[in-house]
Amino acid sequence: MTDYNDYVQAINKIYEYLNIIKSKWNDQDNLNHIESIEEYKDLVVKMAELFKTPAPNPSTTDKNDKMEALGQ
């Protein structure tokens with residue numbers, strides 16, 4: 001299984017459990033906390049794209065971006 005699939009499954013479980021909790025609890029403070037967590041759902045979904053795209057290979061970056069040695 002890929003990192004992307006693991007990430008998506010974990011996030012889906014979190015929001016699934018939040019929906020279950022939300023339907024069972026009547027306390028408004030707890031419901032407000034759940035809603036504040038749900039506000040991040042779109043951001044979390046967007047971050048899943050990081051796992052879809054492979055990380056750039058450092059050997060393929062521009063060779064002109066070399067660091068200058070200290071003391072020179």
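This report covers the fold, core, charged contacts and surface of one protein model.

## Model and conventions

The model is predicted: local features need pLDDT of at least 70, side-chain atom pairs count only at pLDDT 80 or more, and totals for chains, interfaces and linings use all residues. Residues are numbered from 1 along each chain as its sequence is written, and side-chain values use heavy atoms, with hydrogens and water left out.

## Overall fold

The protein has three helices and zero strands. Read from the N terminus, the order is α-α-α. Helices (H or I, at least four residues) and strands (E, at least two) are DSSP runs, numbered from the N terminus. Helix α1 covers residues 3–24, helix α2 residues 28–38, and helix α3 residues 41–52.

Of the 72 residues, 10% count as buried. Buried means under 20% relative accessible area, exposed over 50%, and partly exposed in between, with a 1.4 Å probe and protein chains only. The accessible surface comes to about 6600 Å². Carbon and sulfur atoms hold 55% of that surface. Areas come from the Shrake-Rupley method with a 1.4 Å probe; for residues, only the protein chains shown count as cover.

## Nonpolar core

The largest nonpolar core has five residues: Ile 11, Tyr 15, Leu 18, Ile 34 and Val 44. Helix α1 gives the most to this core, with three residues. A nonpolar core is a set of buried Ala, Val, Leu, Ile, Met, Phe, Trp, Tyr and Cys residues joined through side-chain atoms within 4.5 Å.

The charged end of Lys 41 sits over the Tyr 15 ring, 5.1 Å from its centre. The rule asks for NZ of Lys or CZ of Arg within 6 Å of the ring centre and within 35 degrees of the ring normal.

## Salt bridge

The count comes to one salt bridge. Lys 22 forms a salt bridge with Glu 38, and their closest N and O atoms are 3.1 Å apart. The pair links distant parts of the chain: Lys 22 lies in helix α1 and Glu 38 in helix α2, 16 residues apart. A salt bridge needs a side-chain nitrogen of Lys or Arg within 4 Å of a carboxyl oxygen of Asp or Glu.

Lys 22 has a relative accessible area of 31%, so Lys 22 is partly exposed. The C-alpha atoms of Lys 22 and Asn 32 are separated by 9.7 Å. These two residues are 10 apart along the chain.

## Nonpolar surface patch

Tyr 40, Leu 43, Met 47 and Leu 50 make a nonpolar surface patch of about 430 Å². Patches are made of residues with over 30% relative accessible area and no salt bridge; like charges are joined within 9 Å, and nonpolar side chains (Val, Leu, Ile, Met, Phe, Trp, Tyr) within 5 Å.

Leu 50 belongs to helix α3. Leu 50 counts as exposed because its relative accessibility is 58%.

Tyr 4 is in helix α1. Its relative accessibility is 23%, so Tyr 4 counts as partly exposed.

Asp 3 counts as exposed, because its relative accessibility is 55%. The C-alpha atoms of Asp 3 and Lys 52 are separated by 8.4 Å, and the two residues are 49 apart along the chain.
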